[in-house]
Amino acid sequence: MAYQAGDYDVIVIGAGHAGVEAALASARRGFSTLLLTINLDSVAMMPCNPSIGGTGKGHLVREIDALGGEMGKNIDATMIQARMLNTAKGPAVHSLRAQADKKAYQQRMKKIIEDQPNLTLKQQEAVELIIEDDKIKGVVTKTGATYSCKACVIATGTYLKGRIFIGDVQYDGGPNGLFPATELSNSLIESGFELQRFKTGTPARVDKNSIDFSKMIIQEGDDPIVPFSFETEEINIDQEPCYLTYTTPKAHEIIMENIDRSPLYTGDVVGIGPRYCPSIETKVMRFSDKDRHQIFMEPEGLNTNEIYVQGMSSCLPEDVQIAVYREVPGMENVEFMRSAYAIEYDCIYPTDLKASLESKQVKGLFFAGQINGTSGYEEAAAQGIIAGINACQYILHEKPLILDRSQAYIGVLIDDIITKGTEEPYRMMTSRAEYRLLLRQDNADKRLTPIGHEYGLISDERYERFLKKQRAIEDEVERLKKVKVKPTEEENEKLKELGSAAIKNGISLAELLRRPELTYENTAVFDEERPELSADIVSEVGVILKYEGYIKKQMEQVKKFRKLEKKRIPEDLNYGDIKGLRLEAVEKLGRFRPETIGQASRISGVSPADISVLQIYLESKKHVPR
Amino acid sequence: MKYSDVDTIAAISTGMGSAGIGIVRLSGERSAQIADKIFKGVSGVPLTRAQNQKLYYGHIIDPQTGQTVDEVLVAYMRGPNSYTAEDVVEINCHGGIVPTGKILDLVINGGARHAQPGEFTKRAFLNGRIDLTQAESVMDVIGAKSEKALQLSVEQLNGSLKKRLKKIDDVLIDVLVLIESNLDYPEYDIEELTKEKVLAHIDEALELIENLIENGKNSAVFRNGIKTVILGKPNVGKSSLLNLLTDNERAIVTEIPGTTRDIIEESIIIDSVPFILTDTAGIRQTENVVEQIGVERSLEYASHADLILFLKESGQKLSEDERQIIDGLDPDKTIFVSNKSDLSLEELENWHKISVKNESGIKELKKQMVDLVMQGQVEASQSSVLLNERQMSLLRQTRDILKHAREGVLIDLPEEIYSIEINEALENLRAITGESIGTDVIDTIFERFCIGK
């Protein structure tokens with residue numbers, strides 16, 4: 001029996017990585033927020049790999065933190081190992097990744113939420129959306145509780161009509177043995193949303209005591225650890241190692257012999273899986289020339305023996321899985337604790353969303369995370385914080401926060417999914433960002449902390465600290481431009497020692513730093529008055545001076561790019577009325593309904609000529625006297 | 001490619017003929033600045049400080065070689081008192097495709113970009129220089145031009161050029177895949193990224209580009225289009241027809257030294273389709289030999305042509321020679337033209353009727369020529385590489401960007417920095433074919449490497 005159970009500004013459905021960031025952002029902005037989860041024990045759960053960050057993803061976490069989100073702090077507090085990836089490459093692709101203690105990660109996040117003023121956390125399954133006049137009005141739960149709201153964020157992850165596949169064993173289920181959400185999909189369909197079906201998978205968790213690590217290659221963490229959060233000063237922990245091993249031809253043989261028992265190949269799985277996350281059977285089938293594939297053994301936490309076997313996701317029958325795993329060196333006697341499975345779930349077409357993550361058809365209804373066809377905890381959290389901020393903006397009748405492609409990976413992510421749609425679960429990669437040199441993980445605070453402050457998610461105190469750091473960086477850059485190195489024998493001797501060519505004329509240290517062999521650190525010998533600065537400041541100063549020319553060039557490109565991003569397209573534009581627009585463009589533009597000329601230019605099938613025609617049409621409308 | 005309205009754009013705006021004057025026009029806030037990089041005025045006044053709308057005499061100097069390219073008259077028109085209402089520079093040069101094309105190259109290298117079809121007009125409109133009624137026709141022009149350009153590029157890129165561009169594209173994609181897979185998947189067993197491999201790829205691409213440029217220099221620029229030959233017996237009106245066809249069209253006359261005689265080629269563009277009309281001058285020279293039109297020689301010309309205009313005099317019976325020639329012609333590639341002298345009014349079926357004397361039927365003939373190309377019945381010969389001046393310029397730009405990227409690799413710049421330039425080179429290359437850059441680097445990574453958890 002339905003009953004009126006409460007009234008909130010914002011309701012967030014789902015307490016995974018997207019949901020928690022959305023709910024925290026909204027509550028921290030002072031809006032009464034209700035966070036609904038199907039199971040209180042699954043708040044901020046990591047149903048797949050026990051790690052946060054990685055290439056591209058690490059950038060996202062730094063950005064979430066710079067905006068005032070929780071993910072960075074949470075992983076800093078609960079990590080058991082960390083590595084900065086790509087340190088042999090340039091600064092723009094350095095990426096942080098940390099192994100999490102899964103349970104600790106969940107517990108800390110749950111407590112943060114419980115202690116957050118304006119935020120109420122409840123175990124309730126949302127089953128129906130109340131929509132009136134194309135506006136979200138409330139949510140009904142399975143027990144009949146009816147909550148009214150002004151805005152709502154849907155962050156249901158892989159729960160919607162979740163279906164589990166382990167060989168021919170197939171049943172309705174959510175991730176990690178939890179219940180699926182079976183009713184909300186229908187409510188979405190009734191509200192006019194089209195749904196698509198995606199698939200993802202996870203490997204088995206195995207008992208640490210059954211593994212012979214001596215047959216594997218140990219992988220240690222970094223020392224010192226670079227934290228994710230700009231607020232964390234240092235992390236001192238005893239790190240847990242991971243291990244690397246490889247599949248064998250015998251393991252591949254077993255897979256091939258049993259391939260007809262994998263639902264991926266029998267046609268039972270209809271959902272589209274990610275190419276960057278292939279199951280072991282897919283790897284073996286598609287890359288039959290490779291006689292081995294990498295397997296990483298990652299601990300799931302300090303207080304458990306469960307080990308995550310990265311690289312072995314599968315939906316082969318359990319008996320085949322065990323046989324295959326046992327052919328891997330070090331896993332000859334492996335004991336499974338949880339089996340690998342594939343999960344299929346409903347998600348929306350993200351092209352139905354605006355850049356604010358609000359639905360184009362239902363006002364006040366926002367979507368974030370895997371429901372939008374993305375994959376990954378970090379991608380989810382990134383959308384969550386934006387959806388949370390914008391749910392409040394909607395209530396305030398104010399302009400939404402839209403980060404563009406030159407500001408943040410978050411902007412690249414959202415722009416990609418809403419203009420191009422998703423044909424497979426979307427994963428962030430650094431190669432998706434065209435202004436990669438500007439979107440570094442080290443300067444995420446410079447790019448986004450002022451924005452976080454503006455939206456009330458960054459405290460004045462933190463903002464002051466941020467400003468102080470920025471001033472220190474600028475001062476040091478300016479100072480280095482003034483420090484002159486003279487062409488004396490003594491200085492040239494120092495240059496020679498550093499493997500650098502002699503100078504004939506006086507040159508500033510800033511200019512000298514552009515030489516690839518020279519760094520901020522090794523040029524200290526030319527710089528007697530160098531101040532004592534923290535590592536993050538030093539690294540940023542080095543990057544700014546070393547790559548100044550290239551950074552400037554990208555800034556120029558950004559200036560051009562922004563001009564088209566600012567040109568808005570009216571929501572009710574009838575593209576069929578525009579003379580000179582090609583039919584394909586009329587169809588695509590009409591379907592995707594881009595909000596700006598910039599977005600329109602990125603839709604496939606829309607040519608530069610179409611954009612010209614569109615611009616002229618819009619401009620001519622402006623000239624019409626009213 | 002991404003196009004922006006804040007770019008300074010450049011194009012050859014008129015006068016492709018060798019006799020006429022060529023104008024390279026720039027529009028945008030950096031017009032004068034860019035032109036100053038190559039213009040040395042006799043008065044010594046840089047354009048940025050030049051008097052508005054005044055013509056300055058001087059020379060265009062290639063800043064890299066220091067060589068004089070052409071003597072020119074240059075005018076600087078500050079916005080909003082210009083066609084586009086932006087700052088505009090017009091460089092009036094001696095015309096002919098060589099200097100005009102070279103000057104366009106120089107301003108592109110100086111920081112301008114190639115204008116899109118109709119872009120000057122578009123800017124004029126966006127800046128309020130043209131009124132509303134003109135706006136729609138502008139859109140039509142842009143729409144039509146781009147459609148046609150698309151069709152044309154498909155037609156033109158059917159042969160060896162497409163294959164050769166594709167090969168360069170593949171090499172660049174390969175190297176980008178190598179770089180990006182290593183940057184995004186640092187822990188996986190994938191092909192190792194080394195400086196040597198990157199250099200080998202860049203060098204391969206550079207060599208392919210250089211070959212194409214070299215090839216273009218030797219033959220293509222001057223013979224850019226549908227090779228068209230006008231056949232017919234002497235005094236039938238071939239020269240007059242040629243003149244009528246090139247009248248009011250942009251024509252480039254190129255004299256190609258032959259061994260025994262000179263052939264005159266005229267390049268014209270009818271409705272965006274380039275034609276190269278070959279005037280069979282050699283035949284004219286033998287006009288003193290009565291009725292001697294040279295069956296063999298005519299057929300030889302025809303065999304090298306993409307399109308044949310066979311001209312006869314209406315009302316006259318076909319001579320034996322004429323019959324022999326017609327029998328040897330591919331009817332799909334031939335337009336039979338009957339020149340109506342004012343003496344006879346006889347009508348012939350399947351013959352296109354014109355009168356060189358009254359200048360009638362020419363428009364229809366041109367339309368038929370264009371239609372045959374658009375329908376795909378007639379296409380440019382596969383052996384010749386067709387590169388127009390825009391394409392050549394894009395190719396040279398691609399080369400220069402790649403060379404710069406190569407220097408970056410040599411001095412050990414980080415991969416994500418020189419890859420920006422490789423991407424830029426790829427975008428330039430794809431502007432030749434009109435393909436927009438997609439996600440195929442990412443697609444190829446997943447096709448090629450087994451990565452992911």
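**Two chains, classified by value and cut-off**

User: Which residues is Val177(B) in contact with, leaving aside its neighbours within four places in sequence?

Analyst: In this predicted model, Val177(B) is in contact with Val441(B), Thr444(B), Ile445(B), Arg448(B) and Phe449(B), once neighbours within four places in sequence are set aside. A contact requires heavy atoms within 4.5 Å. Val177(B) itself sits in helix H5 of chain B, which covers residues 160-184.

User: Does Val177(B) count as buried or exposed, and what makes it so?

Analyst: The relative accessibility of Val177(B) is 1%. A residue is called buried under 20%, so Val177(B) counts as buried.

User: How far from Val177(B) is the C-alpha atom of Asn92(B)?

Analyst: The two C-alpha atoms are separated by 45 Å. Along the chain, Val177(B) and Asn92(B) are 85 residues apart.

User: What is the position of Lys57(A) in the secondary structure, and which residues does it touch?

Analyst: Lys57(A) belongs to helix H2 of chain A, residues 57-67. Not counting residues up to four places away in sequence, Lys57(A) touches Ser375(A), Gly376(A), Glu378(A), Glu379(A) and Arg427(A).

User: Why is Lys57(A) called buried?

Analyst: Its relative accessible area is 8%. The cut-off for buried is under 20%, and Lys57(A) is therefore buried.

User: Why does Asn209(A) count as exposed?

Analyst: Exposed means over 50% relative accessible area. Asn209(A) has 62% relative accessibility, so it counts as exposed. Asn209(A) is found in the loop of chain A between strand E13 (205-207) and strand E14 (217-219).

User: Where in chain B is Gln53(B), and what is its phi?

Analyst: Gln53(B) lies in the loop between strand E3 (39-41) and strand E4 (55-61) of chain B. Its phi is near 65°, again a positive value in a residue other than glycine.

User: Why does Gln53(B) count as partly exposed?

Analyst: Gln53(B) has 46% relative accessibility. Buried requires under 20% and exposed over 50%, with partly exposed in between, so Gln53(B) counts as partly exposed.

User: How do you know that the peptide bond from Asp223(A) to Pro224(A) is cis?

Analyst: Its omega is near 0°, and the bond is classed as cis. Most peptide bonds are trans. Pro224(A) lies in the loop between E14 and strand E15 (242-246) of chain A.

User: What is the omega of the peptide bond from Gly79(B) to Pro80(B), and where is Pro80(B)?

Analyst: The bond from Gly79(B) to Pro80(B) also has omega near 0° and is cis. Pro80(B) is in the loop between strand E5 (68-77) and strand E6 (88-93) of chain B.

User: Why is chain A called as compact as a globular protein of its length?

Analyst: Chain A has 20 helices and 22 strands. Its radius of gyration is 26 Å, close to the 25 Å given by the globule rule for 626 residues, so chain A is as compact as a globular protein of that length. The C-alpha trace spans about 85 × 80 × 50 Å along its principal axes.

User: How is chain A divided into domains?

Analyst: The division gives domain 1 (3-201 + 345-454), domain 2 (205-341), domain 3 (477-549) and domain 4 (567-623). The centres of domain 2 and domain 3 of chain A, taken over C-alpha atoms, are 46 Å apart.

User: What share of each chain counts as buried?

Analyst: In chain A, 62% of the 626 residues count as buried. In chain B, buried residues make up 55% of the 453 residues. Chain A exposes about 25,100 Å², with 49% supplied by carbon and sulfur atoms. For chain B the accessible surface is about 20,000 Å², and 48% belongs to carbon and sulfur atoms.

Definitions and conventions. Residues are numbered from 1 along each chain as its sequence is written. Chains are lettered from A and ligands numbered from 1 in the order in which they are written. This is a predicted model: local features need pLDDT of at least 70, side-chain atom pairs count only at pLDDT 80 or more; totals for chains, interfaces and linings use all residues. Side-chain values use heavy atoms; hydrogens and water are left out. Helices (H or I, at least four residues) and strands (E, at least two) are DSSP runs, numbered from the N terminus. The radius of gyration is taken over C-alpha atoms; the globule rule is 2.2 Å times the number of residues to the power 0.38. Buried means under 20% relative accessible area, exposed over 50%, partly exposed in between (1.4 Å probe, protein chains only). Accessible areas come from the Shrake-Rupley method with a 1.4 Å probe; for residues, only the protein chains shown count as cover. Domain bounds come from an automatic or database domain assignment.
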